[in-house]
Amino acid sequence: MRLDVDWIRAQFPLLAANPGLHYLDSAASAQVPASVIDAVQRFDTESRANVHRGVHRLAERATDAYEGARRTLARFLSAHPREIVFTGGCTAAINLVAQGYGALLLPGDEVVISELEHHSNIVPWQMLRDRRGIVLKTLPVGEDGRLDMAALERVVTKRCRLIALTHCSNVTGAVSDIGSIVDAAGTVGAKVLLDGAQRAPHGPIDLPELGVDFYAIAGHKMFGPTGIGVLWGREEALARMQPMLGGGGMIEQVRIERTTYADPPQRFEAGTPPIAGAVGLGAAAEWQEQQDWPALTQNALRLTGRMLDGLAGIEGTRIIGPTGLQGRIGIVSFALEGAHPHDVCQVLDARSVACRGGHHCTQPLHDRFGLAGSTRASLGPYSDDAAIDALIEGVAEARRIFA
């Protein structure tokens, strides 16, 4: 069946109300379909109450909606609901592991990250290093914007306890070689955490097949509300972890002398959780489950190829990352000689093309390529050929202005 992008765009109220907008900033925040907006509004107008401890009917409906969202996210990730922890976002999920699993590490234990990481998968481990005396090691990135897998054997030693890497780069669009990473971790008994923020907007994920131990996702990048995310962790791994926050909802019993904690996932959800956000995220996962992902993926690669070819034809343009279509998603970052990324984005914005300019929370990666920043175009399922045409024409105009 032919992919009908116009039909998809019509499901997103903001895009439907702005037919001339070319939104190419989905890697920062994706747009939200009407079904998600409706789910949040329906919860707030028909079922709004606190969860778990209320016995009135409204509280029971709220609990059903919240735990139903947990079951939906579990299905989306091929996991068990007991392994789904709702967090404030992907950053909060990674920090939870850095705090909870990090507390089990000893001075001299090693954690491996990479030059490709978002700051949210660098800073928490630096803080753990400073707090616990662990050793932080870094997997380099090659000229093609992919992880240098040849260095894996050298970087991962017997002292390695965790490898924390991105599933898909938010700058180069490269998809990491997870099989090799899991194999390397297995040889030394280390855990693997993946930052799945950029992978989660591309359809359901088979976590058992990936073979990792922790997986973090962000709601607002996968067509859900802001302020909500998920940490998935293997049940046995979560059971070993101490909570990051203390308070109501995460306890088994509290006495003045001491407190015992609830089992996961409630152990890690102190206080009133982001109930409406979770309901919206569940609706976003359901929306994704209804899409034709083979067709969407094929279309995204076709549009990515058009982007790469068009940018390559503009003098002074440098692609940051793979220039082919193998092992990548629809994120293309580039530098334009003589032009600051913010200036490029302003020229594009004047043509109703929404792109991102800056370091995209990846300063070490931009240092690797000798750049202060880049311009990033990122696709969503609502992206079309008109957006790519407008992008290429806008970058060509920027070249004429700033050359």
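Biologist: How does Arg 234 count by its relative accessibility: buried, partly exposed or exposed?

Modeller: Please keep in mind that this is a predicted model. The class follows from the relative accessible area, where buried means under 20% and exposed means over 50%, with partly exposed in between. Arg 234 has a relative accessibility of 26%, so Arg 234 counts as partly exposed.

Biologist: With which residue does Arg 234 form a salt bridge?

Modeller: A salt bridge is read from the distance between a side-chain nitrogen of Lys or Arg and a carboxyl oxygen of Asp or Glu, which must lie within 4 Å. Here the partner of Arg 234 is Asp 213, and the closest N and O atoms of the two are 3.2 Å apart. Arg 234 lies in the loop between strand 8 and helix 10, while Asp 213 lies in the loop between helix 9 and strand 7, so the pair ties together parts that are 21 residues apart in sequence. Asp 213, at 9% relative accessibility, counts as buried.

Biologist: How many salt bridges does the structure hold, and which residue forms one with Glu 235?

Modeller: The structure holds 20 salt bridges. Glu 235 forms one of them with Arg 82, with the closest N and O atoms 2.6 Å apart. Because Glu 235 lies in helix 10 and Arg 82 in the loop between helix 4 and strand 2, this pair ties together parts that are 153 residues apart in sequence. Glu 235 is partly exposed at 33% relative accessibility, and Arg 82 is partly exposed as well, with a relative accessible area of 40%.

Biologist: Let us turn to helix packing. At what angle do the axes of helix 3 and helix 11 cross?

Modeller: Such an angle is taken between the N-to-C directions of the two helices. The axes of helix 3 (residues 34-47) and helix 11 (residues 275-289) come within 8 Å and cross at roughly 145 degrees, and the crossing is right-handed. Helix 3 contributes residues including Val 36, Val 40 and Phe 43 to the contact, and helix 11 contributes, among others, Ile 275, Val 279 and Trp 287. By class, the contact has 10 nonpolar, two polar and one charged residues.

Biologist: Finally, what is the order of the strands in the open sheet?

Modeller: The order tells you how the strands lie side by side. The open sheet has seven strands in the order 2-8-7-6-5-3-4, with mixed pairing. Strand 2 and strand 4 are the edge strands, each of which pairs on one side only, and the twist from one strand to the next averages 20 degrees. Strand 3 and strand 4 pair in the parallel sense over five bridges, and Val 111 has Leu 136 in strand 4 as its bridge partner. Helix 4 packs on the sheet, where helix 4 touches strand 2, strand 7 and strand 8, and helix 8 also packs on the sheet, touching strand 5 and strand 6.

Note on methods:
Residues are numbered from 1 along each chain as its sequence is written. This is a predicted model: local features need pLDDT of at least 70, side-chain atom pairs count only at pLDDT 80 or more; totals for chains, interfaces and linings use all residues. Side-chain values use heavy atoms; hydrogens and water are left out. Helices (H or I, at least four residues) and strands (E, at least two) are DSSP runs, numbered from the N terminus. Buried means under 20% relative accessible area, exposed over 50%, partly exposed in between (1.4 Å probe, protein chains only). Axes are lines fitted to C-alpha atoms, for helices over the stretch in contact, and angles run from 0 to 180 degrees between N-to-C directions. A crossing is left-handed if the near helix is turned anticlockwise from the far one by less than a right angle, and right-handed if clockwise. Contact means heavy atoms within 4.5 Å. Ala, Val, Leu, Ile, Met, Phe, Trp, Tyr, Cys and Pro count as nonpolar, Asp, Glu, Lys and Arg as charged, and the others, Gly among them, as polar. Two strands pair if DSSP finds at least two bridges between them.
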